[in-house]
Amino acid sequence: MPPTNNPGKNTEAKAETMILLVLKPALLWYRVPMSALLETQWGTNLCTNLDKNHPVLFLESFTPAVFGYYVLWLLDAPLFPYVDLSRPFKGFDATMFTLIYNIPTHVHHPEITMLTMSDESLDNDPSTTGESRRLVFAYFLGQNIGDVHFQDAIMNTIIKYFRANHPPPVSFVTNVYQNSAIGRVSGLQKFLIDYYIWACVPPEEGRLPYICDFANVDPSQVPPLSAYPAAFRQQVTATLRDNVTQDIVDPGALLRPQVPVVAWALINRTEPRGAVVDFAGLQAFLCNARQGTLKCRYHHHSRNQPCHNMLVDDTPVVGPVNPGTRNLALFVSPSQ
Ligand SMILES: [Zn+2]
């Protein structure tokens with residue numbers, strides 16, 4: 001189904017067909033709106049032979065602690081901090097008509113940092129891995145099922161909460177590059193490229209990499225570019241080349257007879273073609289720099305697709321009726 005003109009998801013109370021998604025072998029279930037699933041080809045294929053009177057789909061090969069992020073996305077709920085909405089499956093009739101999700105709004109806020117995103121120590125059991133590490137896994141889940149808007153939402157979440165504290169570990173960059181689709185630079189890859197340039201490339205000869213001052217990192221902890229995968233090295237180099245200040249010539253100046261036709265007179269400003277992203281205040285920078293044109297820097301959607309961008313203020317104008325929870329009862333089918 002093509003995206004609608006409404007960039008938000010279904011936020012209005014209306015009749016909504018709900019589907020039970022049951023993850024096997026864990027037999028954990030979630031209830032999600034069918035319309036949200038139909039926004040991707042993957043979800044459309046899933047629903048092709050769905051029995052409308054018995055809307056339950058069993059899914060295999062998804063890790064609940066990672067798939068849970070996708071459920072939050074389908075329910076138009078914040079991805080972070082993570083809230084586990086899974087329930088043990090006890091049969092269709094026992095589960096389908098019993099649930100109203102209440103999403104707590106006052107929960108602890110774990111950090112999204114370069115160290116938490118790259119911490120591989122608990123990867124063997126994703127249910128114990130940190131939330132920001134699982135967010136990276138969810139990014140690749142989005143890639144695998146072809147939901148670019150979900151990937152964009154994850155990048156928005158990272159941007160919103162990111163705190164720079166360390167150079168990007170070589171193993172993390174390698175891992176991201178190995179798991180990324182070939183043929184284009186993903187939002188997460190571009191994030192790492194920009195971050196390496198900001199954190200690890202000395203601003204001029206003889207100066208320390210910025211991350212050493214910013215986060216008190218020992219210079220010996222900053223890997224040289226040569227330690228990273230070849231594709232990353234090439235993309236960092238190309239981005240650095242783009243960031244060199246260049247002269248911008250006003251094409252209209254040649255047409256104005258009063259302007260002396262000498263080279264320096266035609267230059268009306270100088271600026272880099274690319275952008276050196278400021279990770280000290282990442283969200284503010286992307287939203288405001290270059291007249292806001294950088295806000296989709298890590299997004300995958302095309303020009304004519306809606307942008308679920310970070311400028312959407314998702315805090316309520318007035319407090320929730322039931323303080324402490326965000327009531328998603330609007331997704332309950334009116335038949336109940
Ligand atoms: Zn965008």
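Of the 336 residues of the chain, 28% count as buried, a residue being buried if 20 or more other C-beta atoms lie within 10 Å of its own, exposed if 12 or fewer, and partly exposed in between, with C-beta atoms placed from the backbone. The model is a predicted one, in which local features need pLDDT of at least 70 and side-chain atom pairs count only at pLDDT 80 or more, whereas totals for chains, interfaces and linings use all residues. Residues are numbered from 1 along each chain as its sequence is written. The chain holds 13 helices and 10 strands; helices (H or I, at least four residues) and strands (E, at least two) are DSSP runs, numbered from the N terminus. Among contacts between residues at least 6 apart in sequence, 65% join residues at least 24 apart, two residues being in contact if their C-beta atoms, placed from the backbone, lie within 7 Å.

An open sheet is formed by four strands in the order 3-1-2-4, with mixed pairing. Its edge strands are strand 3 (56–59) and strand 4 (87–88), each of which pairs on one side only. Two strands are taken to pair if DSSP finds at least two bridges between them. Strand 1 and strand 2 run antiparallel and are joined by six bridges, with Leu-20 standing opposite Arg-31 in strand 2. Strand 2 (residues 28–33) also pairs with strand 4 in the antiparallel sense, over two bridges, and here Leu-28 stands opposite Pro-88 in strand 4. Five of the six residues of strand 2 are buried, so this strand is largely enclosed by the rest of the structure.

Strand 1 and strand 2 form a hairpin with four residues between them, and Leu-27 in the turn has a positive phi of about 55°. Pro-25 lies in the loop between these strands, and the peptide bond from Lys-24 to Pro-25 is cis, with omega near 5°. A cis peptide bond also runs from Phe-80 to Pro-81, with omega near 0°; Pro-81 lies in the loop between helix 3 and strand 4. Most residues other than glycine have a negative phi, and most peptide bonds are trans.

Helix 3 (residues 64–74) lies across strand 1 (18–23) and strand 2, and runs at about 20° to strand 2. Axes are lines fitted to C-alpha atoms, for helices over the stretch in contact, and angles run from 0 to 180 degrees between N-to-C directions. Helix 3 is mostly covered, with 10 of its 11 residues buried; among them are Phe-67, Tyr-69, Tyr-70 and Trp-73. The cover over the buried residues of helix 3 includes strand 1, strand 2, helix 1 (34–37), helix 6 (131–145) and helix 7 (148–161). Just after helix 3, Asp-76 takes a positive phi of about 60°. In the loop between strand 3 and helix 3 lies Ser-61, which has a positive phi of about 65° although it is not a glycine. Ser-61 is exposed, with 9 other C-beta atoms within 10 Å.

The axes of helix 8 (residues 170–179) and helix 9 come within 10 Å and cross at roughly 150°. That makes helix 8 roughly antiparallel to helix 9, given that angles under 35 degrees count as roughly parallel, over 145 as roughly antiparallel, 65 to 115 as roughly perpendicular and the rest as oblique. The contact is made by Val-173, Val-176 and Tyr-177 of helix 8 and by Leu-188, Gln-189 and Leu-192 of helix 9. By class, these residues divide into five nonpolar, one polar and no charged; Ala, Val, Leu, Ile, Met, Phe, Trp, Tyr, Cys and Pro count as nonpolar, Asp, Glu, Lys and Arg as charged, and the others, Gly among them, as polar.

The axes of helix 9 (residues 187–200) and helix 11 (residues 230–242) come within 10 Å and cross at roughly 65°. In this contact, Ile-193, Tyr-196 and Ile-197 of helix 9 meet Phe-232, Gln-235, Val-236, Thr-239 and Leu-240 of helix 11. The contact of helix 9 with helix 11 has six nonpolar, two polar and no charged residues.

The loop between helix 10 and helix 11 contains Asn-216, whose phi is near 55°, a positive value in a residue other than glycine. Asn-216 counts as exposed, with 8 C-beta neighbours inside 10 Å. Gln-221 lies in the loop between helix 10 (210–214) and helix 11, and counts as partly exposed because it has 14 C-beta neighbours inside 10 Å.
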